[in-house]
Amino acid sequence: MKETPLSNCERDFLLRAIEEKKRLDGRQTYDYRKLKITFGTDYGCCFVDLGQTRVMAQVSCELVAPKENRPTEGILFFNIELSPMASPSFEQGRQSELSVKLNRQLERCLRNSKCIDTESLCVVSGEKVWQVRVDVHTLNNDGNLMDAASVAAITALCHFRRPDVAIQGEEVTVFSPEERDPIPLSVYHMPISVSFAFFQQGTFLLVDPCEREERVMDGLLMIAMNKHREICSIQSSGGIMLLKDQVMRCSKIASVKVSEITELISQALLNDKAARKAGGKCGFAESMPQDRITALKMDQTDVEMTNVSQTGSGVILQGDEAPPPTVPSPVVPVPGVGQVGQGLQSWGLEEEEEDDDDEEEEKGYFEEEEVVILYPETTEKSK
């Protein structure tokens with residue numbers, strides 16, 4: 001399904017609002033939308049809400065053979081799925097240009113920046129290494145998918161725990177979480193992407209564009225940076241020419257935003273760790289409200305069943321009132337007939353009989369009229 005284009009009135013309204021330094025959701029030029037990070041029940045599952053944009057990242061791992069040119073390093077694999085549930089313009093089972101661009105940018109942001117120690121993923125040199133796979137699913141698209149995907153991916157990698165292994169000769173044993181505690185990944189730094197939208201050939205600049213602002217923008221600049229102010233990757237799209245001062249200005253803004261997001265991620269990880277250690281509800285189970293799983297769920301009330309006979313004979317039965325008079329139920333002797341009351345007045349058959357009598361009288365009346373009308377004609381013919 002193709003994306004519905006904006007009308008000229010909407011486009012002019014958005015551009016005029018941007019020129020006046022106003023946005024549809026009331027934000028300022030350099031303001032981010034509200035960022036919310038939640039975790040699933042299992043390790044490595046992360047949900048990120050950036051305004052109305054919602055993505056989910058799931059990390060998994062398996063033992064595979066390493067690459068020939070890097071026998072002592074593990075493998076990092078990233079995959080972004082644009083589901084039709086997120087936007088009607090996304091098609092199922094087909095890679096679009098947007099998905100390919102997001103996937104490449106995510107690989108440059110996380111894998112090429114060496115944020116994960118891949119050598120620690122090696123089990124047996126040249127034979128078995130851990131392959132860590134990060135699947136990012138878009139649940140709702142309201143613009144700036146790259147920033148939400150980068151936050152979800154790096155948070156899920158920090159939250160993930162791989163199984164512990166033991167090597168005895170040529171035998172490799174993988175332990176379950178019940179046997180040994182899982183081991184977290186070695187994360188050097190957290191690269192986070194910050195997107196900037198340009199309008200009117202670079203004259204106006206916005207941070208964290210929404211979906212409608214992305215439709216009218218002329219160019220997009222994505223800067224991946226960590227909290228140490230180290231630029232991991234830069235990508236510009238849209239075909240606009242940016243000056244050096246504009247790029248430096250965006251990098252300074254990105255450094256501030258990355259520091260705030262990194263602090264939020266660290267605090268979310270600490271809260272989840274404390275909740276799991278305390279044994280309480282954590283992740284998706286914590287956000288699931290009570291009494292909403294099924295509509296027929298009811299709270300059970302305990303009933304005291306001791307000394308029931310004494311209580312019944314002493315209090316309840318003595319103070320009980322006389323039962324109210326009952327109304328006799330209708331008697332149905334024949335299907336289609338009902339009788340109620342003392343006199344057992346019935347309805348159904350009598351009405352049917354009366355209807356039959358009326359029909360017979362009418363029929364006889366018409367027959368008599370026919371005889372009367374036909375009799376004179378026969379007499380005239382006989383004369």
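A residue is called buried under 20% relative accessible area, exposed over 50%, and partly exposed in between, using a 1.4 Å probe and protein chains only. Lys21 has 64% relative accessibility, so Lys21 counts as exposed. The model is predicted, so local features need pLDDT of at least 70 and side-chain atom pairs count only at pLDDT 80 or more, while totals for chains, interfaces and linings use all residues. Residues are numbered from 1 along each chain as its sequence is written, and side-chain values use heavy atoms, with hydrogens and water left out.

Stay with Lys21. Its place is in the loop between α1 (8-19) and β1 (35-39). Here helices are DSSP runs of H or I with at least four residues, strands are runs of E with at least two, and both are numbered from the N terminus. Lys21 is not a glycine, yet its phi is positive, about 60°. Arg229 is another residue other than glycine with a positive phi, near 65°. Find Arg229 in the loop between β13 and β14 (231-237). Arg229 is exposed, with a relative accessible area of 59%.

Now look at a buried loop residue. Leu185 sits in the loop between β10 (183-184) and β11 (192-199). Its relative accessibility is 11%, so Leu185 counts as buried. Contact means heavy atoms within 4.5 Å. Leaving out residues up to four places away in sequence, Leu185 touches Leu121, Val132, Leu157, Phe160 and Arg162. From Leu185 to Arg161 the C-alpha to C-alpha distance is 6.6 Å, across 24 residues of sequence.

A pocket is an open set of points on a 1 Å grid over the protein atoms alone, where a 1.4 Å probe fits, with protein on both sides within 12 Å along at least five of seven lines; lining residues have an atom within 4 Å of a point. Of the 14 residues lining the second largest pocket, Tyr43, His159, Arg161, Leu269 and Lys273 lie nearest its centre. This pocket holds about 300 Å³ of space. Volume is the space filled by probe spheres set on the points, which are joined across faces, edges and corners. α3 and α5 (244-278) each supply at least two lining residues. The largest share, seven residues, comes from α5.

The 35 residues of α5 should span 51 Å, and its end C-alpha atoms are 51 Å apart, which agrees. Gly279 follows α5 and has a positive phi, near 85°.

The largest pocket contains about 780 Å³ of space. It is lined by 31 residues, with Glu3, Phe90, Leu98, Asn141 and Glu214 nearest its centre. Elements giving two or more residues to this lining are α2 (97-111), α3 (145-159), α4 (211-216) and β13 (219-225). The largest share, four residues, comes from α2.

Last, turn to a hairpin. Strands β8 (residues 165-168) and β9 (residues 171-174) pair in the antiparallel sense over four bridges. Two strands pair if DSSP finds at least two bridges between them. Gln168 stands opposite Glu171 in β9. Two residues lie between β8 and β9, and Gly169 in the turn has a positive phi of about 70°.

Key: Expected span 1.5 Å × (residues − 1).
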